[in-house]
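Student: I have just opened this model. Please take me through some of its residues and helices.

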Amino acid sequence: VVVESRAVRCIRVSVRSFVKGAVVCALLASSASSARSARASWPTLDVVWRASRERAPESVEALSETLRARSEGVGARTSSFDNPILHFNADHGVGATPLGASNGLVATGLLGLPIEIAGQRSARIRSVDALVSWRERQQATAEGRAGGAAIGAYGRAVVARARVEQASRAEEQAEDELTWFEARTQVGDATAVDRSLAQTELARQAQFRAEAEIDLVEAQADLRALTGLPDIGDPPADAASGPPPGIGPAARQAEQALGATPRVEAYEREQAYWSREVEKARGLRWSPLEVMVTGGQDEFGQVRVGGGLGWSLPIVRRGEGEIARATAAMDRARADREAVSRAIEAVVRGLDEQLARTGVAVVDLDRTGIPAAERLVQATDAAFRAGKLELVRVLNARRDLALMRGRRLDLVEGGWRAYGDLAAILGVLP
């Protein structure tokens with residue numbers, strides 16, 4: 001009896017230890033699953049917009065160009081007076097030393113202090129400031145393009161998720177019908193043709209689901225590349241239930257001032273930069289004034305001190321090539337600005353109309369088109385089960401419904417694409 005009680009106690013201890021270990025493992029697995037789900041949460045549109053403007057490769061590259069332009073201001077603000085010129089030379093006579101002279105050694109030193117009196121330094125500073133302003137507008141343009149591309153990927157992911165849901169539901173329905181037809185075929189109430197049609201429908205829906213899943217993976221990969229977010233989960237199943245967000249007050253205000261869009265402003269700043277380059281080239285035709293201080297010892301041993309001025313006159317080399325090149329670039333920037341401004345106005349008007357028509361079309365389909373197709377599917381299915389219709393009529397009705405739902409998602413995806421293009425142009429989240 002004592003041995004049995006010890007064995008029972010050992011068994012109880014082992015069972016207790018196993019249960020504790022299982023509970024701990026379950027808690028760890030639950031916490032890990034919660035952590036994964038927290039990491040893999042679907043981001044909001046505002047988060048995607050901000051992250052893409054900060055982390056997209058195009059945005060980072062544009063920021064680097066802006067920082068490089070700012071660094072050029074260090075050299076532009078340096079005065080030429082801080083770079084004096086020092087010359088020293090010595091020579092010794094050959095042969096007999098003249099009577100009364102020293103050993104024939106002549107040493108001379110020259111200190112030159114360049115002074116920019118033609119406004120060269122101020123011209124350099126204005127040119128660098130204009131360059132920084134231009135690069136900043138180019139950076140804003142690049143950030144807008146990155147944000148628009150991220151919005152497009154966001155919309156593609158949302159639509160792909162909805163396609164996966166639709167195909168999965170259709171696939172489940174096709175599986176149930178195939179099971180029903182196989183059972184009916186065994187008892188002789190259905191033909192082999194009906195079963196083959198059901199099998200074909202199941203394979204077709206499985207293919208649609210696989211294609212939608214591939215599209216979702218591709219869109220999520222693009223979104224991760226543009227936002228730098230390490231882990232992005234699946235969008236909600238009902239994320240594509242409506243059209244893209246409407247245009248807000250910020251976008252409307254930006255549309256009223258299309259001349260202030262980042263791309264148009266970038267051309268204006270570029271034109272100003274080349275204008276400053278023309279001024280700088282004209283100023284650099286004049287070299288800095290050299291204030292020279294000399295000192296040394298002549299061949300008689302006498303210490304000599306003197307001074308002088310030096311200035312290069314632009315008689316032959318007048319910098320005409322640099323001036324002409326900068327002037328041509330300034331004219332080109334002005335022409336580009338006018339052409340791009342007209343194009344942006346036309347594109348924005350078209351995107352506004354596209355978004356408006358997309359919203360109306362989606363609402364009409366949700367209100368009348370899709371419900372009518374759903375009623376047709378229900379009616380044909382009921383007639384088929386009552387023996388009044390063939391299976392082909394049911395499948396045709398379902399395919400028409402699936403086609404209508406797919407076209408609706410095409411409209412939503414096109415709306416997201418237009419929404420992203422509008423954000424890229426205006427530089428703000430519509």
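**Contacts, helices and cores**

Student: What does E143 touch, not counting residues up to four places away in sequence?

Tutor: E143 touches R53 and S59, leaving aside residues up to four places away in sequence. Contact means heavy atoms within 4.5 Å. This is a predicted model, so local features need pLDDT of at least 70 and side-chain atom pairs count only at pLDDT 80 or more, while totals for chains, interfaces and linings use all residues. Residues are numbered from 1 along each chain as its sequence is written, and side-chain values use heavy atoms, with hydrogens and water left out.

Student: Where is E143 found?

Tutor: E143 is in helix α4. Helices (H or I, at least four residues) and strands (E, at least two) are DSSP runs, numbered from the N terminus.

Student: Is E143 buried or exposed?

Tutor: Buried, because its relative accessible area is 14%. Buried means under 20%, exposed over 50%, and partly exposed in between, with a 1.4 Å probe and protein chains only. The C-alpha atoms of E143 and S52 are separated by 7.4 Å, although the two are 91 residues apart along the chain.

Student: S52 is in which helix, and which residues are buried there?

Tutor: S52 is in α2, where L45, V48, W49, A51, S52 and R53 are buried. Among what covers them are α3 (57-76), α4, α5 and α9.

Student: At what angle do α2 and α5 cross?

Tutor: The axes of α2 and α5 cross at roughly 60° and come within 7 Å. Axes are lines fitted to C-alpha atoms, for helices over the stretch in contact, and angles run from 0 to 180 degrees between N-to-C directions. The two helices are therefore oblique to each other. On that scale, angles under 35 degrees count as roughly parallel, over 145 as roughly antiparallel, 65 to 115 as roughly perpendicular and the rest as oblique.

Student: Which residues make the contact of α2 with α5?

Tutor: From α2 there are V48, A51, S52 and R55, and from α5 there are L223, L226 and T227. By class, four are nonpolar, two polar and one charged. Ala, Val, Leu, Ile, Met, Phe, Trp, Tyr, Cys and Pro count as nonpolar, Asp, Glu, Lys and Arg as charged, and the others, Gly among them, as polar.

Student: New topic. How do α8 and α9 pack?

Tutor: Helix α8 (residues 320-385) and helix α9 (residues 391-426) pack at about 160°, with axes 8 Å apart. They are therefore roughly antiparallel. Their contact has 25 nonpolar, six polar and eight charged residues.

Student: Which residue of α9 could we look at? Say, R408.

Tutor: R408 is in helix α9, and R408 is buried, with a relative accessible area of 7%. R408 touches A240, S241, G242, V362, L365, D366 and I370, again not counting residues up to four places away in sequence.

Student: And what about α4 and α8, how do their axes cross?

Tutor: The axes of α4 and α8 come within 15 Å and cross at roughly 15°. That makes these two roughly parallel. E177, W180 and F181 in α4 meet D381, F384 and R385 in α8. That contact divides into three nonpolar, no polar and three charged residues.

Student: Which residues touch the most other members in the largest nonpolar core?

Tutor: W42, I151, Y154, L223 and W416 do, out of 37 residues in that core. A nonpolar core is a set of buried Ala, Val, Leu, Ile, Met, Phe, Trp, Tyr and Cys residues joined through side-chain atoms within 4.5 Å.

Student: What does Y154 touch, not counting residues up to four places away in sequence?

Tutor: Y154 touches W42, P43, T44, L45, V48, L223 and W416 on that count. Apart from this core lies another, of ten residues, including A174, F181, A190 and L395.

Student: Last one, the whole chain. How many helices and strands are there?

Tutor: The protein chain has nine helices and four strands. From the N terminus on, the order is α-α-α-β-β-α-α-α-α-β-β-α-α. Of the 430 residues, 35% are buried. Among contacts with a separation of 6 or more, 80% are between residues 24 or more positions apart.
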